[in-house]
Every structure is written in structure tokens, then in C-alpha cells.
Amino acid sequence: MSGSSAALQPPADAGKPVRHPDAPPPGQLLGAHYEHCFGCGPRQPHGLHLEARAGEGVSLTAEFTVQPAHQGAPGLAHGGVLATALDETLGSLNWLLRTIAVTGRLETDFVRPVPVGTTLHLEAEVTAVAGRKIYSTATGRLGGPDGPVAVRADALFIEVKVDHFIDHGRKEEIQAAMSDPDRMRRARAFEVNP
């Protein structure tokens, strides 16, 4: 996004993102990083149930359908829900880097209203990496990949250690996630979100 703040502009010495060799292959559904996540979790009754698929390089696509529980103005998606969808999509990119990171900054442009019942198609990519900073961008379109642009965002994610979640999360959820016998689900539970 050309109108991004200086905080979202990578430094001149930033490197190109490199897809991790163990990242899911292009086209693969990434699945929920945590079953209770508002953005992607299947056990979150009013959540977005956003589904992301790995793309080429360090990119992905995602979709979610706006439900009545997601509305702000009558019949339209709440802006905060749309920002959540962008944050979830951008955060999922970190799985392609195999990096644990949290949102440091998210700047969102709301271009047009998103009606209840609409499927929002999101595309996101990591644009640069500088030390612990990961720069990324996303676009959401109405109805499909060729639909009109409804929302855009640029983000800065900061790489953290798993201790970030252990130190700040509620003990019951942390213990439940850490004792999951599925190693991949255990790792993904701590992948994104502050």
C-alpha cells in the first residue's frame, strides 16, 4: 500500500522472504492454528472460520463468509471483523516462514461495504524481512479473486519466542494447547496473535 505509515515501510537493507522448506505445499489448506481462535478456530461458534491455503512463495489465499453475528451496521460486516480477517490472513503467512510472530502493527483501508452473506476472498504475501520484523500486505475482494476490492491492509509482525504466549496467556488454555498429543497442532497453537 503506498499510503502506509513509515513504520510499515521495510528498511533499505530488508531481505526478501524465504519460504521454509517444511512449509505446506501450494494449494494445501493450512487449517486452524488453534481450535478456539476467533479468526480460524472451528470451536469458536461466532468466529470467522477463515480458511487459508498456501500459495506460491510466501503467499496465501483465504476466505470467510460474513455471518449475521459479524455485522455492525444492519446487514453489513463490522469493520473490526474485517480487520480481524485481515490480521488472521496476514498472521497465517508466518506458518510459511515457520516463524512464531505476533502482530506489531496493522493498518487497514476500508474501500467498500461488505454485506452479510458475502464471501470475502483474501490474498496476502510477505514482502520483506528485516531481523525479527516481517512485513506483509493483504487485499480482500468481494465474491472471489476477481471481485471488487473491499479491504486492504499492511502489517508488521514481530518474531517472538514461545515464552511470549506462556508468560501472557491464561494458564488453562496454555496447558491444554501444550499437552495436545499432535505435535503439529501444538506448534501451530502458538504461531500467531499477541
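Which residues of H1 are buried? The legends below take up this helix after an overview.

**View 1. Overview of the predicted model, with its helices and strands.** This is a predicted model, in which local features need pLDDT of at least 70 and side-chain atom pairs count only at pLDDT 80 or more, while totals for chains, interfaces and linings use all residues. Residues are numbered from 1 along each chain as its sequence is written, and side-chain values use heavy atoms, with hydrogens and water left out. The protein has 5 helices and 6 strands, where helices (H or I, at least four residues) and strands (E, at least two) are DSSP runs numbered from the N terminus. Along the sequence these elements follow the pattern β-β-α-α-β-β-β-β-α-α-α. Of the 194 residues in the protein, 42% are buried, a term that means under 20% relative accessible area, with exposed meaning over 50% and partly exposed in between (1.4 Å probe, protein chains only). The accessible surface comes to about 9800 Å², and carbon and sulfur atoms hold 52% of this area; accessible areas come from the Shrake-Rupley method with a 1.4 Å probe, and for residues only the protein chains shown count as cover. Among contacts (heavy atoms within 4.5 Å) with a separation of 6 or more, 66% join residues 24 or more positions apart.

**View 2. Helix H1 and its buried residues.** The buried residues of H1 are Val 81, Leu 82, Ala 83, Ala 85, Leu 86, Asp 87, Glu 88, Thr 89, Leu 90, Gly 91 and Ser 92, so that 11 of the 14 residues in this mostly covered helix are buried. At 1.5 Å a residue the 14 residues of H1 should span 20 Å, and the end C-alpha atoms are 20 Å apart, which agrees; the expected span is 1.5 Å times one less than the number of residues in the helix. Thr 84 is also found in H1 but counts as partly exposed, because its relative accessibility is 28%. Leaving aside neighbours within four places in sequence, Thr 84 is in contact with Phe 38 and Leu 48, and its C-alpha atom is separated by 9.9 Å from that of Leu 106, 22 residues apart along the chain.

**View 3. The largest nonpolar core, with Val 114 among its members.** A nonpolar core is a set of buried Ala, Val, Leu, Ile, Met, Phe, Trp, Tyr and Cys residues joined through side-chain atoms within 4.5 Å. The largest one holds 35 residues, of which Leu 50, Phe 64, Leu 90, Val 114, Leu 120 and Leu 122 touch the most other members. Two or more residues of this core come from each of strand S1 (51–54), strand S2 (59–65), helix H1 (79–92), helix H2 (94–97), strand S4 (119–130), strand S5 (133–142) and strand S6 (149–159). Apart from this core lies another, of 5 residues, among them Leu 8, Ala 130, Tyr 135 and Leu 156. Not counting residues up to four places away in sequence, Val 114 touches Val 66, Gly 75, Leu 76, Ala 77, Leu 82, Leu 120, Leu 142 and Ala 150.

**View 4. Pairing of S4 with S2 and S5.** Two strands pair if DSSP finds at least two bridges between them. S4 pairs with S2 in the antiparallel sense over 7 bridges, and Thr 119 in S4 is the bridge partner of Thr 65. S4 also pairs with S5 in the antiparallel sense, over 10 bridges, and in the hairpin of these strands, which has 2 residues between them, Gly 131 takes a positive phi near 65°. Ser 136 lies in strand S5, with Val 126 standing opposite, and Ser 136 counts as buried because its relative accessibility is 4%. Beyond its neighbours within four places in sequence, Ser 136 is in contact with residues including Leu 90, Leu 93, Ala 153 and Phe 157.

**View 5. Cys 37 and Cys 40 without a disulfide.** A disulfide is a pair of cysteine sulfur atoms within 2.5 Å, and a search of the whole structure finds 0. Cys 37 is in no disulfide, and the nearest cysteine sulfur, that of Cys 40, is 3.8 Å away. Cys 37 counts as buried at 8% relative accessibility, and Cys 40 counts as buried at 9%.

**View 6. Positive phi at His 49 and Arg 98.** His 49, in the segment before S1, has a positive phi of about 55° although it is not a glycine, and at 37% relative accessibility His 49 counts as partly exposed. Arg 98, in the loop between H2 and strand S3 (101–110), has a phi near 55°, a positive value in a residue other than glycine; Arg 98 is partly exposed, with a relative accessible area of 30%.
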